[in-house]
Amino acid sequence: MLRHCAHKGVHTGGHVWSGSRHLSRWLYARRHLLQDQRVLELGCGLALPGLLAAQSGATVVATDELAALVDHGQQHTAADGLTFRLLDFTIRRDVLSVADEGWDLVL
């Protein structure tokens with residue numbers, strides 16, 4: 001279940017953006033293609049597209065640089081195949097840690 005998570009330090013990542021809803025609709029129309037795929041969601045916020053992909057049978061790693069959003073996702077998401085990971089896009093080591101994991105789809 002997605003919950004609004006706009007509190008101090010979260011800002012824009014705590015809202016489900018219209019772009020996230022549109023991407024999720026697009027993925028939903030192609031959900032049969034997501035089965036057994038490895039999906040990486042960058043800057044996930046509340047991770048609506050990642051959640052949909054996981055519920056469609058993909059293994060998803062949803063990343064964000066804000067610990068509050070990663071904690072929120074871990075606490076409030078019950079989708080099998082969806083994990084959350086902190087990823088600071090300004091630190092090369094963090095980016096390289098996910099770069100070579102063989103993703104089928106990057107959102």
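**Burial, salt bridges and sheet order in a predicted model**

Me: At 18% relative accessibility, does Ser 20 count as buried or exposed?
Reply: This is a predicted model. The relative accessibility of Ser 20 is 18%, and the limit for burial is under 20%. Ser 20 therefore counts as buried.

Me: Which residues is Ser 20 in contact with, leaving aside its neighbours within four places in sequence?
Reply: Ser 20 belongs to helix α1. Among the elements that cover the buried residues of α1 are α2 (48–55) and β4 (105–106). With neighbours within four places in sequence set aside, the contacts of Ser 20 are Leu 48 and Pro 49.

Me: Within what arc do the buried residues of α1 fall, seen down its axis?
Reply: Residues three or four places apart in an α-helix point the same way, because there are 3.6 residues a turn. In α1 the buried residues are Ser 20, Ser 24 and Leu 27. They line one face of the helix, since seen down the axis they fall within an arc of 60°.

Me: Which residues are exposed on the other side of α1?
Reply: The buried set of α1 consists of Ser 20, Ser 24 and Leu 27. Exposed on the other side of this helix are Arg 25 and Ala 29.

Me: How far does helix α1 reach from its first C-alpha to its last?
Reply: Helix α1 covers residues 18–29, which is 12 residues. At 1.5 Å a residue the expected span is 16 Å. The reach in the model is close to that, at 17 Å.

Me: What pattern does the chain follow, read along the sequence?
Reply: The secondary structure comes to 4 helices and 4 strands. Read along the sequence, they give the pattern α-β-α-β-α-β-α-β.

Me: In what order do the 4 strands form the open sheet?
Reply: Strand β1 is joined to β2 by 4 bridges and to β4 by 2 bridges. Both of these pairs run parallel. The pairing in the open sheet is parallel, and the order of its 4 strands is β3-β2-β1-β4.

Me: Which are the edge strands?
Reply: The order of the open sheet is β3-β2-β1-β4. An edge strand here pairs on one side only. That holds for β3 and β4.

Me: Which residue is the bridge partner of Leu 40 in β4?
Reply: Strands β1 and β4 run parallel and are joined by 2 bridges. The partner of Leu 40 in β4 is Val 106.

Me: How many of the 6 residues of β2 are buried?
Reply: Helix α3 (residues 67–76) lies across β2 (59–64) and β3. On another side of the description, β2 is joined to β1 by 4 bridges, and Glu 41 stands opposite Ala 62 in β2. Strand β2 is largely enclosed by the rest of the structure, because its buried residues number 5 of the 6.

Me: How many residues apart are Arg 38 and Glu 101?
Reply: The salt bridge between Arg 38 and Glu 101 has its closest N and O atoms 3.5 Å apart. Arg 38 is in strand β1 (residues 38–41), and Glu 101 is in the loop between α4 (92–99) and β4. The pair links distant parts of the chain, and the separation is 63 residues.

Me: Is Ala 47 buried or exposed at 1% relative accessibility?
Reply: Ala 47 sits in the loop between β1 and α2. Its phi is positive, near 65°, although the residue is other than glycine. At 1% relative accessibility, Ala 47 counts as buried.

Me: What is the relative accessible area of Asp 36?
Reply: Asp 36 is in the loop between α1 and β1. It is not a glycine, yet has a positive phi of about 65°. Asp 36 is exposed, its relative accessible area being 62%.

Methods
Residues numbered from 1 in each chain as written. Predicted model: local features only at pLDDT ≥ 70, side-chain atom pairs only at ≥ 80, totals over all residues. Heavy atoms only, no water. Expected span 1.5 Å × (residues − 1). Buried < 20%, exposed > 50% of the residue type's maximum accessible area, 1.4 Å probe, protein only. Arc of directions from axis to C-beta. Contact = heavy atoms within 4.5 Å. Salt bridge = Lys/Arg side-chain N within 4 Å of Asp/Glu carboxyl O. Pairing = 2+ DSSP bridges. Axes fitted to C-alpha atoms, helices over the stretch in contact; angles between N-to-C directions.
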